[in-house]
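Colleague: I would like to go through the terms used for this model. Please set each value against its definition.

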Amino acid sequence: MTEGKGEEEYDRRRAAAVRRKRMLFYGDRIVACVLPLIGWQLLSDNWVGGKWISSPLGVAERLVSMAEDGSLQMHTWQTLQEALLGLALGMLLGVVIGVVLGLSRRLSDAIDPIIMGFYSLPRVSLAPLFIIWLGIGLLAKVALVASVVLFVVLFNVREGMRTIDRDIIEAFRSMNASRAAMLRHVVIPSLVPWIFASVRIGIGMAMIGAVVAELIGSSRGLGWYVMRSTGTYDMTGSITALVVLMILAMIFNWMLSVVEARALRWRRHSDVGLGG
Amino acid sequence: MLSPEIAIAGVSLRFAPPGGEVRSHLALSDVSFTVKPGEFVAIIGPSGCGKSTLLRLVAGLLGVTEGDVRVGGTKVERVPGGIGFLFQSDALLPWKTALENVVMGATLAGRDRAEALDKARFLLGEIGLAKSADKYPSELSGGMRKRVALARTMAYEPRVFLLDEPFSALDAQTRIHVGNRFLKILETLGQTVIVVTHDIDEAIAMADRVLVMTASPGRIARAFDVGLPRPRDYYGTRFEPGFRDLQEGIWDILRREMEGVLARD
């Protein structure tokens, strides 16, 4: 009896300690967000001037007015489409090419210089070509984003193919597993952690790709909004667009962490899902 | 007389080392032996003598340079059906639970999902892991993973079990515990088994016949018949009369082979 009670008491205290720790953590996070905002506001009001660095209140007002006239949604949706479609296309191509190169050492060795050549080429310099080929709309941006993301995925997947556990492959071969079964049960699942790693990097690259493409030639999107605002010394406008970009990236990373923690829950010493 | 389940005749294997060096390495030299259906054979030899390689030849994972390997009377040219290969590492899929790993074996043997699940649950019960069915390999101990790997192999319903140093990664106590379970199960199944090991006691305790190999290039130096009664105990068998004579006889050959290796180094 007494033992049971002691255990209950212990569990209760531990749960309380965990709760306290979590509250403290969220408290810290809020302070870490709010303090810089206050500093920014003060700096803007008293020393530097809103003309140069705008202000948190100014940005908030702009967000509201842009949301009201629908331009916030329109620009965000444009950039979001470019980044996500480009990311998806780059991932798809990267995984397929990576798997093929991982399967054939010979092919991989043969075209390695070409791949390295394209990889070393600053992909941004392809933007004008894409615009000429695909027009000033969505397609050119998607193509640029894909060309940026592609290589990260490709290299990760190729490396992943080379580090698949040999014993597992032999075990499946010894049980007469078909090529399809091997791909489905061994190869693809082995690649999942590598693919997650490349998405994590790919998200940031996709945002860069989309914004750069808009800077070079477009008529809408957050990157375009930054450029147009800067052109008219509207600092509040450009900072507002940057804030939206930042929030988008944060949401993506958070979502990725959640999905990753679920998909890779078989890893015991999981280093995933700890914020993001 | 029964026709042999496994027949290895005049097998040699030459490795071309990677990197395009000219000199190749002779791993196995003129190895011949047969294994009767239901027979339990242990292969023992100094490390690097090619005993694991020999298992891979039987499983069709490697091809011979000379000679031929037959399983069930058919020449091995690809991976033959009905071979259950247990690796030194457990070779489980880390992203599948214990249950799903065992299901894999039954699925690859052509069972449908429902049958495979039933079979996997039954086998996990047999090896004493019913409660751990939904755990991932990373949540299981080394001995438990070994048992799951055995269950997966059993789910594949092989005619021949090939065990490559199955307990070498386990600590001494776990090895006795897991070894005993394996031995009981394999004795009950009564299938043909070849186990490769570097542990003399283990070889004698488990097998009907112990083949001792020479140092590289591996040949069969001598075969010892183990006449000890079954069912056996993985640990207790070493106290049976006759065990020590076998132990001494095998060690005598191994010692000479190892001295040869050391002298060469």
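**Domains and a helix**

Modeller: Chain A is assigned domain 1 (1-52) and domain 2 (54-263); such bounds come from an automatic or database domain assignment. This is a predicted model, in which local features need pLDDT of at least 70, side-chain atom pairs count only at pLDDT 80 or more, and totals for chains, interfaces and linings use all residues. Residues are numbered from 1 along each chain as its sequence is written, with chains lettered from A and ligands numbered from 1 in the order in which they are written.

Colleague: How many residues of domain 1 of chain A are in contact with domain 2 of chain A?

Modeller: 8 residues of domain 1 of chain A are in contact with 6 residues of domain 2 of chain A; contact requires C-beta atoms, placed from the backbone, within 7 Å. Helix 1 of chain A gives the most to that side of domain 1, with 5 residues. A helix here is a DSSP run of H or I, at least four residues long, numbered from the N terminus.

Colleague: What makes Phe182(B) of helix 5 of chain B a buried residue?

Modeller: A residue is buried if 20 or more other C-beta atoms lie within 10 Å of its own, exposed if 12 or fewer, and partly exposed in between, with C-beta atoms placed from the backbone. Arg175(B), Val178(B), Gly179(B), Phe182(B) and Leu183(B) are the buried residues of helix 5 of chain B. They cover an arc of only 145° around the axis, so they lie on the same side of helix 5 of chain B; the arc is taken over directions from the helix axis to the C-beta atoms. On the other side of this helix, Gln173(B) and Thr188(B) are exposed.

Key:
Contact = placed C-beta atoms within 7 Å. Helix = DSSP H or I, 4+ residues; strand = E, 2+ residues; numbered from the N terminus.
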